[in-house]
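Here is a short briefing on one protein model. Keep the sequence and the 3D view open as you read.

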Amino acid sequence: MARRVTLTLGFAGGTREVAVVIPDAEPTPWQWGEKFSVVGVPTPRADGPLKATGRAPYTYDVQLPGMLHGAILRSPYPHARVRGVDLSAARKLDGVRAALDRSGATVRFAGQEVAAVAATSPEIARDALALIRVDYAPMPFVAAMDEAMRPDAALVFERGSNVAAPIVNAVGNVAAGLETAAATHEAVYTTPVQTHVSLETHGAVASWRGDALTVWCSTQGIFGVRDDLAVHFSLPPENVRVITAYLGGGFGSKFGAGHEVIFAAELARMAGAPVKLMLPRADEHLATGNRPSSSQRVRIGAARDGALTAIELVQHGSGGIGGGSGSSGPYLTLYRCANLRTEERNVYLNAGPSSAMRAPGWPQGCFALELAIDELARKLGIDRLELRRRNNPSPVRALEFEIGARAFRWNDRSRAPQSRGPLKRGIGVASAAWHGIGASGPQAQCVALRDGRVQVRIGTQDIGTGTRTIIAMVAAEELGLPLDRVTAEIGDTRYLFSLPSGGSLTAPSTTPAVRQAAAHLKRKLMRLAAPLLGADSDDLIIRGGVISARAAPNRSLTFAELCRRIPGDSLAADGEHVPNYAGYSLTQAGCQFAGVEVDCETGIVRVTDFVAVHDAGVIVDPLTARSQVNGGIIMGVGFALFEERRIDPQLGVMVNPTMDDYKLPGILDTPEIQVFFVEVANGITNTGVLGLGEAVHVAATAAIGCAVADAIGAPVRDLPLTPDRVLAALGQA
Ligand code: MOS
C-alpha cells in the first residue's frame, strides 16, 4: 500500500510543490516550514562529557585479561624482492607468543607490511621486530611523479607504464570556446600528498572464543570490517562481532579490515589470547592511506561580460601504489560552461597507497579551478565574487553568496588589499558543492522500555561528528518526547545493519530509518494507550511526553505512565531507509570566504577569519553541524599552509612521518569562523537530512589560496603555501 502526497519543498529563495508516492509504512517527509520541537535546537553532544573527561572507551582503551600486544615490521626499501623472512630469533625472545610472515614476493613502498609479532608487552613486541631477519633484494624505484612519467622510468608494477589510461569527460568544444573568449588564462597548479593524521591511529583488539571472533576496531564501517574478517577466516558473518563505541577520526582511511586488523586477529588465533595492535604514529603516515597529489594544467576563457566560454583540465596525480587521484569534480560542477573538458591520469609511484580522504579529489580540484578563476577575473577587470555569481548555476548558492558577502563585508573597502608595515591583508572566496544524499540499506530499531526511556539501536558508528546525538534527536522529535528520554545505542554489529560513515552518508542514511522506526513504535504505543484514554488510537497525539486525544484534550497520560503498561519489559519497532524520493535537489551548494594576513618579510601566512555558508537539507543539530564546518575549515588551513608528505628522492623513504615534522594546524592557526546555514526542505527522504562532512571541506583551501594571492598581488599555484613559496611568489611580483 502506498499513498500519494504533495510536498512543499525548497528554501527561502523559493519553494515548489512536488508530488511523491510514499510507502504506507513511511512517515510523510518533513516539508518547508515544518514546526519542530527537538530538531533544529542547538544541542550539545550526548557523549560530550564522556569524551571531555576521558571516560569514552575508544579502541585504544580496551584492555582484556591476558591481552597481548602486536607490532608490525615494515620494509625499509621502497621496492624490493623479499627472498626470505626468518622469524626464529624473534620467536625465541622471552614474552613473544606469536609471529607471522606476510610479505608476499615483492614490496613496493617503504613502510609496506612484512611481518608481525605478538608479545606480552609493547616493548617486547618492538624488540622482537628487531630480531626478524629479512633478506631483501632492492630494486630500482620511482618516488617522484615527473620521474615516473619518463619512458625509461623504473616500473612500479609489472606493466608497460607508470601512467594509467586517462579518464576523459567532455561537452562542447574547448578550442572553440577559447577562440571566442575575450580573456583566457592558462597555468599549472599543484597540490601535495596529504595524510589523514586521524587523532586515533588505526588498529584493533581481537579476541577469539572457539570460532567466534570479537574485534574492537577503530573503523568508519563496522559491517565492512565484519565482512572482511568473515571472508578472510572463512567464517559466517554472524561469527564475527565488531564493536566501535568511540572513534578518533578516520576521514576516509578507515574502511574495511586493514592489515593491522587482520594481523591482530591472526596473531590472537595463533597465540590463543586476545591481541591489541594499534599503529604507531609513523606507520599511520606511511601505510594507511593518503590524499593523492595533483598537477593540474588549467585553461579557461570568458566573454567580456564574464560568462565562461571554456574550462579545460589536464591532470596527473599520484596516490603512490594506489589510484583515485582525479580532481575533476569541481570543474564539472561549480560553474556553468558549455565547453568543458577534463582529462585525468593516475601516476604510480613506490610510495604508500592512497585512500579516500574527505571529499576525495575535490579540495585539490577546487584549489586549482578557483585560483584560475581569480586570475581570469583580474584579466577581465571583474570583481572575483561577481564573476562567480555570473556563472553560478545554483539558486541556493546565489542566496549563500549574498549571505556570505554581507557577513564577510566583501564589498567593504576596509577589506581591500592593504599593508600594515610588512603585513599585507587579502581576501578570497570559493564555491563548494557536494552530494551527501545518503543511500538505502540502514535499518534501525526503536525500543520503549518499561521505565519510560527509549533506546534507538542501529549498527552505525560515530566517527566524531555527533551521530549519537542527532539519531536521538530525530527519534525524540517523531515520538514527541523530550530529548533526555532517548539514547542512541550504536557501534556494534549486533544491532541492525547500517552503512559505513563515509561519503557524508551517515546522517542522510540513518535518520530516515530511525524516524520510520520511531513512527512505528509510536503507532504501537498509541494502540496501547487507546483503551486507557477511551479513544481511537488514530486520534491520539503525543507532545512533550504527554499523550492525549485530539477530541478530548483534558484526559491525558504521560509517556512514563504508558510505558509501565507495556506487557513485557519493552516494546520494539523496526524501520528502514526506503529508496530516496525525487525531492527538491540531489546536490548541495555552499561557499566560503577567507581573510588572510601575509608577513612579507617572513613569508608567514595567518588566516584571520572565515565566513562559511552551507546547506545540508534539514539541519538536525545546528551545534554539531557548526562543529563540522569548523573542522572542514581547520583541515583546509592545514592543506593550504602546512601539510605535505615528503619523500627523500634518493632513498624513497618518507622523511616527515611524525606530528612534529608533518605540521597540522593548531589552535593558534585557527581563524575566527562564522557559520551560516541555508535550510533546504529537500524531501528526498522522510527527514530530508543531507550529509555535511565533505561539503564543508571542498572550498576552504581554495578560499585561503585566493586570499593569499590577493594579499601579495601575485599568483600562488603550489601547495602548501609555506614561507619559502610565499617569498618566492613575492619575489616574482
Ligand atoms: Mo570519506 S573520504 O568518504 O570518509
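**The open sheet**

Start with 7 strands that form an open sheet, in the order β5-β7-β3-β14-β11-β12-β13, with mixed pairing. β5 (96–101) and β13 stand at the edges with a single partner strand each, so one side of each has no neighbour in the sheet. From one strand to the next, the twist averages 20 degrees. Bear in mind that this is a predicted model.

**Strand pairs in the sheet**

- Strand β3 (residues 68–74) and strand β14 (residues 275–278) run parallel and are joined by 2 bridges.
- Histidine 69 has lysine 276 in β14 as its bridge partner.
- Strand β12 (residues 212–217) also pairs in the parallel sense with strand β13 (residues 240–243), over 4 bridges.
- Find threonine 214, then look in β13 for its bridge partner, arginine 241.

**Helices on the sheet**

- Helix α3 (residues 122–131) packs on the sheet and touches β3, β5 and β7 (113–119).
- The direction of α3 makes about 30 degrees with that of β3.
- α6 lies across β12 and β13, and runs at about 150 degrees to β13.

**A helix pair**

- How do helix α13 and helix α14 pack, and at what angle? Helix α13 (residues 467–479) and helix α14 (residues 506–533) pack at about 35 degrees, with their axes 8 Å apart.
- The crossing of α13 and α14 is right-handed.
- On the α13 side, the contact is made by Thr467, Ile470, Ile471, Val474, Ala475, Glu478 and Leu479.
- Sorted by class, the contact of α13 with α14 has 11 nonpolar, 4 polar and 3 charged residues.

**Backbone details in loops**

- Which peptide bond is cis? The bond from leucine 719 to proline 720 is cis, with omega near -5 degrees.
- Proline 720 sits in the loop between α17 (700–712) and α18 (723–732).
- Phenylalanine 251 has phi near 60 degrees, a positive value in a residue other than glycine.
- Look for phenylalanine 251 in the loop between β13 and α7 (259–271).
- Phenylalanine 251 counts as partly exposed because its relative accessibility is 30%, which falls between the cut-offs of 20% and 50%.
- Arginine 409 is another residue other than glycine with a positive phi, near 60 degrees.
- The loop that holds arginine 409 runs between α12 (395–408) and β18 (418–420).
- Arginine 409 has a relative accessible area of 41%, so this residue is partly exposed too.

- Now turn to aspartate 710, which lies in helix α17.
- Is aspartate 710 buried or exposed? Aspartate 710 is buried, because its relative accessible area is 11%, and buried means under 20%.
- What does aspartate 710 touch? Leaving out residues up to four places away in sequence, aspartate 710 touches Arg378, Arg384, Pro417, Gly426 and Ile427.

Technical notes
Residues are numbered from 1 along each chain as its sequence is written. This is a predicted model: local features need pLDDT of at least 70, side-chain atom pairs count only at pLDDT 80 or more; totals for chains, interfaces and linings use all residues. Side-chain values use heavy atoms; hydrogens and water are left out. Two strands pair if DSSP finds at least two bridges between them. Axes are lines fitted to C-alpha atoms, for helices over the stretch in contact, and angles run from 0 to 180 degrees between N-to-C directions. A crossing is left-handed if the near helix is turned anticlockwise from the far one by less than a right angle, and right-handed if clockwise. Contact means heavy atoms within 4.5 Å. Ala, Val, Leu, Ile, Met, Phe, Trp, Tyr, Cys and Pro count as nonpolar, Asp, Glu, Lys and Arg as charged, and the others, Gly among them, as polar. Buried means under 20% relative accessible area, exposed over 50%, partly exposed in between (1.4 Å probe, protein chains only).
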